[in-house]
Amino acid sequence: MKILVTGGTGYIGSHTCCELLNSGFDVVIVDNLSNSKREVVNKIRIITKKNVTFYKCDVCDKYKLRKIFDREDIQAVIHFAGYKAVGESVKEPLMYYHNNLLSTISLLEVMKEFGCKKIVFSSSATVYGNPQKLPIKEDFPLHTTNPYGSTKLIIEGILKDLYNSDNDWSIAILRYFNPIGAHKSGLIGEDPNGIPNNLMPYIVKVANKQLDVLNVFGSDYKTRDGTGVRDYIHVVDLAKGHIKAIEKVIKDKGIDTYNLGTGRGYSVLELINTFVKVNKIDVPYKIVERRPGDIDMCYASTEKAKKILNWSAKLNIEDMCRDSYNFVVNSKKNKKSGGKHESL
Ligand code: NAD
Ligand code: UD1
């Protein structure tokens with residue numbers, strides 16, 4: 001069975017492609033490489049020892065998408081492609097609405113044309129805003145505070161309207177908590193350009209001496225040690241959640257939403273201390289002002305994914321810290337690139 005993975009050379013997409021190939025699916029990747037590198041395709045091939053087809057294509061481009069659907073016998077889609085930086089979305093809202101919404105609408109239109117009505121969509125825990133209660137359940141009120149989050153909420157609404165208009169669709173909306181970690185091979189992982197916005201990529205750059213010191217945003221939150229608490233989830237566990245979700249949409253029609261998290265929260269200081277202990281490396285940090293918009297605590301109720309998808313996270317915070325650092329250490333050694341790609 002052939003799965004189209006949009007954004008498949010990105011951080012979560014590349015790990016999911018590996019799990020799909022290892023589970024016996026055929027994989028076609030579509031990515032415009034706006035936030036990833038072509039060499040990832042070859043790394044997926046090296047990790048899985050399986051072939052994968054890659055098209056450099058913008059998902060907003062319906063003409064090219066149609067050609068791909070015409071050429072490949074796509075049975076279902078996992079849609080990762082989109083922009084994801086919260087701060088950038090506040091500065092460039094139109095760019096975010098344009099890319100995230102237009103790519104999704106174009107994709108859904110072409111899927112409909114070709115009678116391919118099975119999709120797994122990447123949403124985010126950001127749609128819960130500042131939750132009133134913890135752990136966060138899928139039926140909690142939704143509220144966003146930035147354009148990035150709004151694109152996710154709007155797309156969730158589009159998918160619900162689409163299903164209501166045509167019950168032939170099978171749709172899984174996955175709300176990720178905080179993905180970190182990397183594949184244990186050290187070949188693929190998260191490699192943001194410039195100064196990272198998110199905590200783990202920042203810790204890794206400080207450990208690797210690319211940045212001097214980590215700024216810990218606030219120590220007066222209502223948490224165990226005053227620093228923000230989040231539900232960090234290993235990206236390989238997250239990728240495995242997509243296998244369960246794609247199996248579900250292949251099997252059953254309907255629309256459903258699932259949290260993908262571990263259900264456990266760790267504070268910023270706990271994450272730093274674990275990283276230092278596991279990797280035996282120093283991470284200098286200083287406490288600074290709160291980052292505007294940050295919340296005290298966020299962690300998932302994982303019951304629904306466990307019950308319906310038969311999925312739960314297996315890897316722990318030590319695995320996440322070890323694998324995040326291993327990727328950076330390894331990527332220095334693995335500079336070779338290449339790989340065949342299909343042209344249109
Ligand atoms: P990523 O940036 O590493 O991957 C996204 C990929 O999509 C990139 O390879 C990029 O080149 C590609 N892309 C972007 N716009 C495109 C377009 N118009 N056409 C074709 N390709 C396009 O991000 P990620 O961390 O792997 O996230 C994947 C998805 O999960 C995103 O939709 C993101 O919003 C969502 N998500 C991510 C996180 C997180 O913390 N990483 C959390 C919640 C949700
Ligand atoms: C961020 C996004 C959220 C997105 C999520 C995905 C923001 C405001 N929110 O969430 O929409 O769904 O990523 O992973 O960007 N921290 C520091 N120092 C740093 C960076 C972060 O102390 O240099 C702290 C933050 O205050 C927070 C925790 O670390 O308490 C995690 O931050 P981050 O990795 O940016 O994730 P979120 O803010 O949870």
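Predicted model: local features only at pLDDT ≥ 70, side-chain atom pairs only at ≥ 80, totals over all residues.
Local features need pLDDT of at least 70 and side-chain atom pairs pLDDT 80 or more, while totals for chains, interfaces and linings use all residues. Residues are numbered from 1 along each chain as its sequence is written, chains are lettered from A and ligands numbered from 1 in the order in which they are written, and side-chain values use heavy atoms, without hydrogens and water.

**View 1. Helix H1 crosses helix H8.** H1 spans residues 11-22 and H8 spans residues 235-251. (Helices are DSSP runs of H or I, at least four residues, numbered from the N terminus.) Their axes come within 8 Å and cross at roughly 60 degrees. That makes H1 oblique to H8. (Angles under 35 degrees count as roughly parallel, over 145 as roughly antiparallel, 65 to 115 as roughly perpendicular, the rest as oblique; they run from 0 to 180 degrees between N-to-C directions of lines fitted to C-alpha atoms, for helices over the stretch in contact.) Residues in contact (heavy atoms within 4.5 Å) include Tyr11, His15 and Glu19 of H1 and Val236, Lys240 and Ile243 of H8. The contact residues divide into nine nonpolar, three polar and two charged. (Ala, Val, Leu, Ile, Met, Phe, Trp, Tyr, Cys and Pro count as nonpolar, Asp, Glu, Lys and Arg as charged, and the others, Gly among them, as polar.)

**View 2. Helix H5 meets helix H6.** H5 covers residues 93-113; H6 covers 147-165. The axes come within 9 Å and cross at roughly 20 degrees. H5 is therefore roughly parallel to H6. Among the contact residues are Tyr97, Asn100 and Thr104 of H5, with Thr151, Ile155 and Leu162 of H6. The contact has 13 nonpolar residues, four polar and no charged.

**View 3. The largest cavity holds about 30 Å³ of space.** (On a 1 Å grid over the protein atoms alone, a cavity is a set of points where a 1.4 Å probe fits but cannot get out; a pocket is an open set with protein on both sides within 12 Å along at least five of seven lines; lining residues have an atom within 4 Å of a point.) His79, Ala81, Gly82, Asn100, Thr104, Phe121, Lys152 and Ile155 line the cavity. H5 and H6 each give two or more of these residues.

**View 4. The second largest pocket has a volume of about 210 Å³.** (A volume is the space filled by probe spheres set on grid points, which are joined across faces, edges and corners.) Of its 14 lining residues, Glu19, Lys184, Val236, Lys240 and Leu315 are the closest to its centre. The lining divides into three nonpolar, three polar and eight charged residues.
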